[in-house]
Protein chains: 2
Amino acid sequence: MYLTMNRFKVKAGHEAEFEEVWKTRDSHLKSVPGFVAFHLLKGPERDGHTLYASHTAWESEQAFTAWTKSEAFRAAHAGAGAHKEMYDGPPELEIFESVQSLS
Amino acid sequence: MYLTMNRFKVKAGHEAEFEEVWKTRDSHLKSVPGFVAFHLLKGPERDGHTLYASHTAWESEQAFTAWTKSEAFRAAHAGAGAHKEMYDGPPELEIFESVQSLS
C-alpha cells in the first residue's frame, strides 16, 4: 500500500468549518485508477489547534503520481488556497509505503 | 474508524534492524476483538532519521481500550523499550477518529 497523508493544524474553534469544506468538496477520487480508500481523520488537540490528517491509500506510487497530473486532481484542489484563516501554518504532506500488513 | 498511529524516528542506518523487530514480533492482533487492520509504514527521511508509522485500525475506541488492558497487549509490548539505540527520541502516539470516508 502507498499512503499519502496530509496533516492540517486547524485553529481551535474552526473544526466544524474545516470538516464542512471537506464534506462539500467533490474529490472525484472514486473514479481515479488505482485509488483504494480515503479517510479524513480528526486527531488530538494541542497548542491551540486540532490536528487533522487526510489519508489517501493507493495501489502504487504510479497511481498517485498519475493522479497528481490529472484533471481530477486540478478540480479537487481548485479551492485549496482558500480558508487560510482556519490554519496554523501550511499542511504537511508525508508519503508512506507499507512494509508490513495484517488484516 | 478509530486509528491509533505511533510515529517512530529511526536513526539512519537502522531501518533494516527496525523492520526486522516488527517482522519477528507476534502481535497477536488478529485474535483481538474489534481489530480491523495493521500497517507498518515507512515514510520520509529527514534530519538523520527515517520516519516510520504503525497504523492500527479498530472498529471503535472501546475495542482499542479493551486491547490495552489485555494479556495480548502485554505480550505484544514485552520487548518495547529494547533497541533504544535505534531511535531518535521516544515514539509519539496520535489517535484519530474518522470523520469522512470514501472507498
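This is a predicted model: local features need pLDDT of at least 70, side-chain atom pairs count only at pLDDT 80 or more; totals for chains, interfaces and linings use all residues.
1. A residue is called buried here if 20 or more other C-beta atoms lie within 10 Å of its own, exposed if 12 or fewer, and partly exposed in between.

2. Is A:Asp47 buried or exposed? A:Asp47 has 8 C-beta neighbours inside 10 Å, so this residue counts as exposed. S2(A) and S3(A) form a hairpin with two residues between them. A:Asp47 has a positive phi of about 50° although this residue is not a glycine. Most residues other than glycine have a negative phi.

3. Chain B has the corresponding entry. B:Asp47 lies in the loop between strand S2 (35-46) and strand S3 (49-58) of chain B. Phi of B:Asp47 is near 50°, a positive value in a residue other than glycine. B:Asp47 counts as exposed because 8 C-beta neighbours lie inside 10 Å.

4. Strand S3 of chain A, which covers residues 49-58, is mostly covered, and seven of its 10 residues are buried. S3(A) pairs with two strands of chain A. Strand S1 (residues 2-11) runs antiparallel to S3(A) and is joined to it by 10 bridges. In S3(A), A:Ala57 stands opposite A:Leu3. Strand S2 (residues 35-46) also pairs with S3(A) in the antiparallel sense, over nine bridges. There A:Leu41 has A:Ala53 of S3(A) as its bridge partner.

5. How many strands make up the closed barrel? The barrel has eight strands, in the order S1(A)-S3(A)-S2(A)-S4(B)-S1(B)-S3(B)-S2(B)-S4(A), and the pairing is antiparallel. Neighbouring strands of this sheet are turned by 30° against each other on average, with direction ignored. Strands of a sheet pair through backbone hydrogen bonds, either parallel or antiparallel.

6. B:Arg46 stands opposite B:His49 of S3(B). A helix of chain A also packs on the sheet: H1 (residues 15-23) touches S1, S2 and S3 of chain A together with S4 of chain B. The direction of this helix makes about 45° with that of S4(B). Helix H1 (residues 15-23) of chain B lies across strand S4 (92-102) of chain A, together with S1 (2-11), S2 and S3 of chain B. The helix of chain B runs at about 45° to S4(A).

7. S4(A) and S2(B) pair in the antiparallel sense over five bridges, and the partner of A:Ser101 in S2(B) is B:His39. Another residue of strand S2 of chain B is B:Val36. Leaving aside neighbours within four places in sequence, B:Val36 is in contact with A:Ser103, B:Met1, B:Ala57, B:Trp58 and B:Glu59. B:Val36 is partly exposed, because 15 other C-beta atoms lie within 10 Å. B:Val36 and B:Arg25 are 11 residues apart in sequence and 18 Å apart in space, C-alpha to C-alpha.

8. Strand S4 of chain B (residues 92-102) contains B:Gln100. Which residues does B:Gln100 contact, leaving aside its neighbours within four places in sequence? They are A:Trp22, A:Lys23 and A:Leu40. B:Gln100 has 15 C-beta neighbours inside 10 Å and therefore counts as partly exposed. B:Gln100 and B:Met1 are 99 residues apart in sequence, and their C-alpha atoms are 9.3 Å apart in space.

9. The contact takes 28 residues from chain A and 28 residues from chain B. On the side of chain B that touches chain A, the elements giving two or more residues are H1, S2, S3 and S4 of chain B. By class, this side has 16 nonpolar, six polar and six charged residues.

10. Chain B can be laid on chain A with an RMSD of 0.1 Å by a turn of 180° and a shift of 0.0 Å along the axis. That is the relation of a two-fold axis. Of the residues of chain B, B:His55 comes closest to the rotation axis, at 5.6 Å for its C-alpha. Of the interface residues of chain B, 100% are also interface residues in chain A, so the copies meet through the same surface.

Key: Residues are numbered from 1 along each chain as its sequence is written. Chains are lettered from A and ligands numbered from 1 in the order in which they are written. Copies are superposed by least squares on the C-alpha atoms of residues with pLDDT of at least 70 in both. Two residues are in contact if their C-beta atoms, placed from the backbone, lie within 7 Å. Helices (H or I, at least four residues) and strands (E, at least two) are DSSP runs, numbered from the N terminus. Two strands pair if DSSP finds at least two bridges between them. Axes are lines fitted to C-alpha atoms, for helices over the stretch in contact, and angles run from 0 to 180 degrees between N-to-C directions. Ala, Val, Leu, Ile, Met, Phe, Trp, Tyr, Cys and Pro count as nonpolar, Asp, Glu, Lys and Arg as charged, and the others, Gly among them, as polar.
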